[in-house]
Amino acid sequence: MSLKERIQAIDRRAVLRGMVNVIWAAPVALGLGQFLKFLRFEPPTEQATRFTLGSPGSFTTFPVYLESGQVWLFQDSGGYYAVDAICTHLGCTVYAQPDSSFQCRCHGSQFAADGRVLVGPATVPLRFLQLSWDGGRLVVDRALQVDPSVRLSA
Amino acid sequence: MSFHKRKLAGSVGVPITLIIGTVALTGALLAAVNRQDNPAWSRWQDNPQVRLITPTLNGEAELCLTCHNGIEQISDSHPVDTFGCVVCHGGDRLSLDEEVAHTGLIGSEANPGNPADLSVVEVSCGSVDCHSGDVANDRDHIERVTRSVQASYAGAINALLDLNGLAQEGVYYGNLAVSDEDVVNPAAVEALRRFDPESFDNPAVTEFAEECLTCHVASQTVTDEPYYHRGTGCSSCHTVYARNGLYQGSDPTLSQTETGHAATHELTTAIPYTTCNHCHNRGTHDLETLTFTPRDDLDGVEALSGSERRMAELYTADSTHYAVCQYELDCIDCHTANEVMGDGDIYTNEADARRVECRTCHGTLEESPATVTLEDPNDVAFRRARLNPFYDVFVGNTVLLSPDGDAMGHIRVENDLYSLSSKVGGPTYLIPQVMGSECEQDVERQRAADCQECHTYEP
């Protein structure tokens, strides 16, 4: 059958029905697509408190500020310890000084090496946070506060 | 139904209304998908993406920077990562629709974007734990400002009432009703009543209210003329406005051709004379005739630069006398924070609130200026120095003491030399001392004009 004959053989109503089906199919497909997007949406998970800081060998100097956990990581003869880098006044980042004290550049609060407030406006000491090992990597838990004397052995 | 429509519908056995409805539904869905994929906010970014920050101050996520992408950080003391936007500006933190996001903005009626206006400042800058969160007199900035003559406009108001025979013994008025149970300065008063022009039923008061009540930090400027553009409330002084009132920053949503915006979205304590000049030195006011004669000596000033422009803008052409310090320094180098923002007391005129005199820095024939050695690291002088990018002060430094006991950290004393570091980035100025000089100073005459009789600077 030639192409011309084939075309002539197609039922006109069938063509129109096909067109109408396509018209219906469009909103159904669009609606289904949006519904699938809705099903696939993943709401934000609960805020994590444990953050992997990395392998100590990857840090060339101490103390080092680790943005992943928002902590200052120190090393001394007893091992490692982490100090919360979030100022207890209004939440700015504090900076470790050469004498291991801390200074907040936002409002001028100063903290001693053990976290005590030296100069206001802050009134609450800096927190020391729990460190643990995960394989060869250090992990900090921002929800767990420890005594400033606690060290994690190397 | 037309012939063709009837024929089509009949030929497939489907009602024509269903077909039309289906097509309309398709169109609506396509429009919705397009709106979702190309939201209105995407026009503010080259590579559109939702920008979410979670300020450490409150841990509440916000999306404002999705549109206000590139806006200047308000100050180093208010980092956006710590404070975000909503804690000061209000609004709907999670909406990306302009109208919804801006619902509940903290601002004045005239300027919804200014949360520092005195009408709303108690829930923004003056919130608890912010600038009114301390009971100490010098920390409750909002209370200080609302009691200050810059906010109360008490000088002009009470002078007007006095001129028109309306003053009452012991009763004073201001733009805002304020009271003070702990009056420190003998020149201060216990309260100001709110000035209600209508209650006086006097034509002069009515005219004053209509023409003159725009000159205080609680009011919005009413003219679009150059120089007059300024903020209100805290931002009257702590934000810089360009002479033409145009925004010059990087927030794509803010117009750069519409006047009335701060030059940038930044706060400063290094307040230049140009900020004071939005209100001061704008012309001559006369309370007797209730007239204001604007300056007419500023033509061509834009062609000048540096000290020449400063001189032309700062002093009117008929000001022929000024000492060198008045020429080289900025207003805030002498007029202290206590004087300008208020010291917690209520004054009925500016002269009572004034603190620094010529002898504060230059001393007298018999006495050197009062000084103090800063020992307490919590001294307010350190906080002020840290907020200002142009001078430092350290524990152990000896600095000048203002007559009201305020350590002036920008004026250091070393080896009997008094040096002033400009708070606005100007030169360091070695302060000549009267003691040991041939000065014919009369210690009781301390107005600038008294000293200018001899000390007149010739450029």
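**Figure 1. Open four-stranded sheet of chain A in the predicted model.** Four strands of chain A form an open sheet in the order β5-β6-β7-β8, and their pairing is antiparallel. The edges of this sheet are β5 (94-96) and β8 (117-119) of chain A, each of which pairs on one side only. β5(A) and strand β6 (residues 102-104) of chain A run antiparallel and are joined by three bridges. Within this pair, V94(A) lies opposite C104(A) of β6(A). Strands of a sheet pair through backbone hydrogen bonds, in either the parallel or the antiparallel sense.

**Figure 2. Strand β3 of chain B and its pairing with β1(B) and β2(B).** Strand β1 (residues 173-174) of chain B pairs with strand β3 (residues 191-194) of chain B in the parallel sense, over two bridges. Y173(B) has R193(B) in β3(B) as its bridge partner. Strand β2 (residues 178-179) of chain B also pairs with β3(B) over two bridges, but in the antiparallel sense. Here V178(B) stands opposite L192(B) of β3(B).

**Figure 3. Helix α2 of chain B.** The helix covers residues 16-37 of chain B, 22 residues in total. From its first C-alpha to its last, α2(B) reaches 32 Å, close to the 32 Å expected at 1.5 Å a residue. Of the 22 residues of α2(B), the number buried is zero, so the helix lies largely in the open.

**Figure 4. Contact between chain B and chain A.** Chain B gives 23 residues to the contact and chain A gives 20 residues. On the side of chain B that touches chain A, the elements that supply two or more residues are α1 (3-12), α2 and α18 (380-387) of chain B. The largest share of this side, eight residues, comes from α2(B). By class, the side of chain B that touches chain A consists of 13 nonpolar, seven polar and three charged residues.

Figure 5. Along the principal axes, the C-alpha atoms of chain B fill a box of roughly 115 × 55 × 50 Å. Of the 459 residues of chain B, 31% count as buried. Among contacts in chain B between residues at least 6 apart in sequence, 56% join residues at least 24 apart.

Note on methods: Residues numbered from 1 in each chain as written. Chains lettered and ligands numbered in written order. Predicted model: local features only at pLDDT ≥ 70, side-chain atom pairs only at ≥ 80, totals over all residues. Expected span 1.5 Å × (residues − 1). Buried ≥ 20, exposed ≤ 12 C-beta atoms within 10 Å, placed from the backbone. Pairing = 2+ DSSP bridges. Contact = placed C-beta atoms within 7 Å. Nonpolar A, V, L, I, M, F, W, Y, C, P; charged D, E, K, R; others polar.
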